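Here is a briefing on one protein structure. Please look over the sequence and the model first, then read on.

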Amino acid sequence: MPVQNSDISKIFNQLADLLEIKGDNPFRIRAYRMAARNIGSLSDDVREMIKKGKDLTEISGIGKELAEKIEEIVNSGGLSQLEEIKKEVPEALIALLKIEGLGPKRTGALYEKLGIENLAELEKAAEAGIIKELAGFGEKTEQNILREIKRGGGKKGKKERIILAEAEELARPLIEYLKQIEGVKKIEIAGSYRRGRETVGDLDILVTHLKGADVMQRFVDYEDVERVLAKGQTKSLVVMKSKLQVDLRAVPEASYGAALHYFTGSKEHNIQIRKMGSEKGLKINEYGVFRDDRRIAGKTEKEVFEQVGMPYIEPELRENRGELEAAKNNKLPQLIESEDIRGDLHIHTNETDGRSSLEEMAQAAIAKGYQYLAICDHSQRVSVAKGMDEKRLSEQIARIERLNEKLEKIVLLKSAEVEILEDGSLDLPDRILQRLDLVVCAVHYKFRLSREKQTARIIKGISNPYVTILSHPTGRLINRREPYELDMERLMKAARDSGCTLELNAQPERLDLNDLYCRMAKENGVMIAISSDAHSTDQLKMMKYGLKQARRGWLEAEDVLNTKSLEQLLKWIKNRR
């Protein structure tokens, strides 16, 4: 079974979870979590690194012991240590970790203090009202647990969509494999993947090929296929070992554009296109555009749109959220492109929870052609990340200033990711904030405040005159944590009035703001910053996921703060202080 980087990351995270449930050494647990994050953010395939004899200990955070475990996972598909720990900790406890608000520590406490081993026992205890008596829980947590269980949290059987970055990791080698088949001409992934949705349920791949090419057989023979659901001359369907379902369709070149359009757009978008075609006496489907029985278009997507009197609509917009009306009225947005980005306004270094130094991050940003890079290490409240107090931040400011004197192609901006405390005040005093080029503020604790309190807290935080950007504004983690309770209309208005920019955090598990809120910000005149939140040089590449989300939110270059030149950016910040 071929092992992906994400598989290694999942195994280390699962191991860390079970060790934490057991109450194991926190430093050991942290090492596994760091290894999971480092491997998950690598652009290089670990399998290929091992094949080429590369030293895995050169990966940040990976020592000799972890390197040996990685090799075991790649060679065997599993980790014996994890299997041993599963014998000590009831496996059903893993399902409890999927209940929002129940991390490994709380799950361990429920197991140790109440003997709870599964969801049924958890529900029974919550209904009996005995969970709230445990230290660190309380009535609100108990009610949250009950609510999560009732809505299906932790239950098996529900097909979970995977995040876009993970789908990309699985899709990339498969596409490369298919491209190498003799006779293959065009190949592209359609569906929600092509629209850039933040999660993907399955993959729809379209291919054109020369007559006689053995595409379908080679597809079902791919090493990562676990089960073949269907195999034919023009369509095959498989389930990968990752449980991702993949549908491969071979289409004639004359129909390729029509098929690509049909299998890319949302159901609602496609219905409207077919309706518009019908009004013109046309039949539009995956085989082409037809007048009576004669195909008149379909080789390209552009032809399909032209037949209904519209310009080409970018895939990210095909959700039936007004794009058809905008196209008819010549009002489609000129969507932001990667070339528009001039810098990154939120990255971390190894002075807190990052894994690369100031110098390393600077060189990596230069390689991307950036003009500027904002150093945003955590403030003191985030102690788990070795957050900085005023003294340490002051020392970092001096280091950045010295480094800027040496750097020629980039400017490091002095910043910090400053915690918004529960009462809305900031974690560091104004006397240090005013020395920074910009200030990013964020919430990393007390996620369960009421809607009114959480909204008031954040609005007070962004009203500080030194604050430039609100980081990951809703606090969600896709498939893992729901967003906070927030009045987004009030927050948008407060951001506009104070001149605060809202971040689109490009980390694949965040993508926060979501696409709808990005569009809402645009419509309310609120500027967006697309930031990688990189914790290593390799993670600067996460910007691409933020760009996809921004495009889904109809954002143009003028809507995004970090499309400004350095001079424009500094002037913009100065005018808002």
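The protein has 24 helices and 18 strands. Helices (H or I, at least four residues) and strands (E, at least two) are DSSP runs, numbered from the N terminus. This is a predicted model: local features need pLDDT of at least 70, side-chain atom pairs count only at pLDDT 80 or more, and totals for chains, interfaces and linings use all residues. Residues are numbered from 1 along each chain as its sequence is written, and side-chain values use heavy atoms, with hydrogens and water left out.

**Overall build**

- The radius of gyration is 25 Å, which agrees with the value near 25 Å for a compact globule of 577 residues. That radius is taken over C-alpha atoms, and the globule rule is 2.2 Å times the number of residues to the power 0.38.
- The C-alpha trace spans about 75 × 60 × 55 Å along its principal axes.
- Of the 577 residues, 55% count as buried. Buried means under 20% relative accessible area, exposed means over 50%, and partly exposed lies in between (1.4 Å probe, protein chains only).
- Among contacts between residues at least 6 apart in sequence, 68% join residues at least 24 apart. A contact means heavy atoms within 4.5 Å.

**The S8-S9-S10 sheet**

- Three strands form an open, antiparallel sheet in the order S8-S9-S10. Two strands pair if DSSP finds at least two bridges between them.
- Strand S8 (283–285) and strand S10 (294–297) are the edge strands, and each pairs on one side only.
- Neighbouring strands of this sheet are turned by 35° against each other on average, direction ignored. Axes here are lines fitted to C-alpha atoms, for helices over the stretch in contact, and angles run from 0 to 180 degrees between N-to-C directions.
- Strand S9 (residues 288–291) is joined to S10 by three bridges. Val 289 has Ala 297 as its bridge partner in S10, and Arg 291 stands opposite Arg 294 in S10.
- S9 and S10 make a hairpin with two residues between them. In the turn, Asp 292 has a positive phi of about 60°.
- Strands of a sheet pair through backbone hydrogen bonds, either parallel or antiparallel.

**Helix H23 and Arg 552**

- Eight of the 10 residues of H23 are buried, so this helix is largely enclosed by the rest of the structure. Among them are Met 543, Tyr 545, Leu 547 and Gln 549.
- The cover over the buried residues of H23 includes helix H10 (164–179), helix H11 (191–195), strand S11 (343–347) and strand S17 (501–505). H22 and strand S18 (528–531) are also included.
- Arg 552 lies in helix H23 (residues 543–552). Arg 552 is buried, with a relative accessible area of 5%.
- What does Arg 552 touch, not counting residues up to four places away in sequence? The list is Arg 195, Gly 196, Arg 197, Glu 316, Glu 319, Arg 321 and Asp 515.
- Just after H23, Trp 554 takes a positive phi of about 70°.

**Salt bridges**

- How many salt bridges does a search of the whole structure find? The search finds 43. A salt bridge is a side-chain nitrogen of Lys or Arg within 4 Å of a carboxyl oxygen of Asp or Glu.
- A network of salt bridges links Arg 195, Glu 319, Arg 321, Asp 515 and Arg 552.
- Lys 132 pairs with Glu 142, with the closest N and O atoms 3.7 Å apart. Lys 132 sits in the loop between helix H8 (119–128) and helix H9 (139–150), and Glu 142 in helix H9, 10 residues apart. Lys 132 is partly exposed at 31% relative accessibility, whereas Glu 142 is buried at 2%.
- Glu 226 pairs with Lys 243, with the closest N and O atoms 2.7 Å apart. Glu 226 is in strand S5 (residues 225–231), and Lys 243 is in the loop between strand S6 (235–240) and strand S7 (245–250). Glu 226 is partly exposed at 40%, and Lys 243 is exposed at 55%.
- Glu 556 and Lys 522 meet through their side chains in a salt bridge (2.9 Å, N to O). Glu 556 lies in the loop between H23 and helix H24 (566–575), and Lys 522 in helix H22 (residues 515–523), 34 residues apart. Glu 556 counts as buried at 19% relative accessibility, while Lys 522 is partly exposed at 23%.
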